[in-house]
Amino acid sequence: MLVELHIENLGVIERAELRFGPGMSALTGETGAGKTMLVEAIDLLVGGRADASIVRHGAAEARVDGRFDLGDDAGEVVLTRVVPADGRSRAYVDGRPATAASLADRARDLVDLHGQHAHQSLMSIAHQRAALDRYGGVDLGPLRAARARVTELEAELATLGGDERARAREIDLLRYQVDELDQAAIVDPDEDDTLAAEESTLADAQGHRAAGAGAIEALRGDEGGVDALLSAARRLLDDRAPFAAIAARLDAAMAELDDVAAELRGLTEGIDEDPERLAEIRERRQLLVDLRRKYGESLADVMAFHAEADDRLRELLDYDRRAAELDGLLASARTDADEAARAVRAARRAAAPGLAAAVEERLRSLALPDAAVAVEVGDDSDDDADLAGDGVRFLFSANPGSPLLPLQRVASGGELARTMLALRLVLTGAGDDDSVGTLVFDEVDAGIGGSAANAVGRALADLSQRHQVLVVTHLAQVAGRAAHQFVVRKSVRDESTYTDVTPITDDARVDEIARMLSGEVTDAARQAAGELIGEVAVGRDGKSTRTRR
């Protein structure tokens with residue numbers, strides 16, 4: 001539900017703050033006062049086209065904010081549209097930048113806008129089809145699932161190998177890559193580190209041996225070696241009680257020195273000069289560098305590429321078997337999709353007469369007693385192209401003897417408006433029209449009066465039992481049935497035009513309805529207005545009820 005609408009510098013509106021309640025709200029005022037700008041503001045919020053010409057003269061930009069109550073403890077959402085006098089418009093959802101398309105997507109379940117010349121929801125075949133599906137409770141789940149399976153299998157078949165020449169080229173490339181990696185036989189992702197250490201040893205074998213021999217001589221040399229010095233120190237402390245602990249540590253150090261010297265000797269003697277092994281290591285390491293350059297940052301990446309390429313090669317070599325398998329699955333999936341489509345078409349055709357009859361019945365209550373409606377589902381001459389009956393069309397005739405033709409071709413503005421209202425009432429009555437919380441009607445009662453005006457007013461009031469309804473109207477018969485009313489007035493101050501929007505109640509509302517009835521506020525007009533308004537109470541559940549005075 002739209003609970004607050006904030007407008008700045010939009011056309012003749014310098015600033016307006018509107019707070020809406022549940023039920024039906026009427027926006028009234030003299031012709032040219034700026035009522036349609038309020039609908040323009042809401043249209044901007046739902047992603048409508050932004051034109052810099054709507055920015056108030058002298059202002060840098062126009063701004064519209066709408067705060068919506070999502071109900072059921074779901075919180076609120078704030079939609080914003082800013083239209084600069086120079087430059088592209090900007091959109092925001094809860095204060096965060098968004099595109100106009102994403103703004104429209106977010107508003108889709110919040111507002112449905114109907115203008116006198118823009119009944120998109122009824123003119124569009126997609127919306128007519130959706131209305132039929134909602135009315136008939138048509139389950140599209142199996143059809144969507146079946147079509148998704150067909151799409152999945154078609155994509156898998158397309159990526160399996162492409163055309164024969166492309167497949168042959170890919171097989172040749174993969175064979176070369178897999179052969180190269182097979183020959184490399186990389187099994188350890190740390191192989192290069194291991195080889196680097198071995199290369200370092202072999203590259204300076206002579207130096208390593210000399211260093212080892214020198215270290216052994218320093219540790220165990222006959223003249224002045226560490227071993228001789230430790231032995232001499234140990235003998236000096238022998239049998240001297242104050243140095244018993246130190247003597248024990250020297251014994252341990254000498255034993256450790258013996259171990260170190262033995263290990264050092266073994267390592268030194270094990271180092272041999274091996275030019276052939278050194279060359280082999282360097283060649284292997286260069287190969288690993290080349291493979292990383294082509295197949296991955298690390299040897300682990302190269303090994304992963306090897307496995308993937310091998311799998312892909314096996315898949316392509318197994319193409320014929322797998323392609324035949326996929327062809328069979330695809331044929332079965334298409335059969336399932338066709339059967340699901342026929343079931344949907346049958347359900348739509350079963351529901352179509354009931355929807356048409358229900359809309360006709362509602363149209364009679366909207367002062368179109370001779371209107372005839374039919375809902376056409378698909379074309380029998382083209383069943384294969386439209387198995388699901390997606391080609392739904394509403395056919396309409398306003399007068400006896402006139403042929404049923406597509407609604408958008410033969411219905412006048414008033415007839416189209418009333419047909420749209422009738423459809424809304426039917427879907428609401430069936431409990432299948434809860435997807436949109438707020439319905440906005442811009443002078444859908446234009447061109448009608450008398451009993452038709454009364455019928456439209458009653459229909460809008462009925463809709464407000466389930467939806468929030470905002471209606472721009474010139475008809476007292478419509479405004480009088482609203483739970484809330486706002487009057488739009490234009491004035492000139494300091495040679496500039498301003499439009500103000502004011503909520504009215506009690507006597508002010510009676511005066512406004514009286515003006516709408518007779519053009520001036522007289523006692524007789526006020527009495528008629530009071531009788532028309534009656535008493536409207538908005539319950540805690542948001543529904544409105546009327547009691548005649």
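**Cavities and a strand hairpin**

Reader: Which residues line the largest cavity?
Author: This is a predicted model. The largest cavity has a lining made up of Leu5, Leu18, Phe20, Leu27, Leu38, Val39, Ile42, Val440, Leu470 and Val472.

Reader: Which element gives the most to the lining of the largest cavity?
Author: Two elements give two or more residues each to this lining: α1 (35-45) and β13 (468-472). With three residues, the top contributor is α1.

Reader: How many residues of the lining of the largest cavity are nonpolar?
Author: The lining holds no charged residues and no polar ones. Leu5 and Phe20 are among its members. The nonpolar count is ten.

Reader: How many cavities of 30 Å³ or more does a search of the whole structure find?
Author: The largest cavity has a volume of about 40 Å³. The search finds two.

Reader: Which helix gives the largest share of the lining of the second largest cavity?
Author: Leu181, Ile186, Val302, Met303 and His306 line this cavity. Four of these residues are nonpolar and one is polar. The largest share, three residues, comes from helix α12 (residues 299-317).

Reader: What is the bridge partner of Ile7 in β4?
Author: Strands β1 (residues 2-10) and β4 (residues 61-69) run antiparallel, joined by six bridges. In β4, Ile7 is partnered by Val64.

Reader: Which residue in the turn between β4 and β5 has a positive phi?
Author: Nine bridges join β4 to β5 (residues 76-84), and the two run antiparallel. One of the pairs is Arg67 with Val78 in β5. The strands form a hairpin with six residues between them. The turn residue with a positive phi, about 75°, is Gly71.

Conventions: Residues numbered from 1 in each chain as written. Predicted model: local features only at pLDDT ≥ 70, side-chain atom pairs only at ≥ 80, totals over all residues. Heavy atoms only, no water. Pairing = 2+ DSSP bridges. Helix = DSSP H or I, 4+ residues; strand = E, 2+ residues; numbered from the N terminus. 1 Å grid on protein atoms, 1.4 Å probe; cavity = no way out; pocket = protein on both sides within 12 Å on 5 of 7 lines; lining within 4 Å. Points joined across faces, edges and corners; volume = space filled by probe spheres on them. Nonpolar A, V, L, I, M, F, W, Y, C, P; charged D, E, K, R; others polar.
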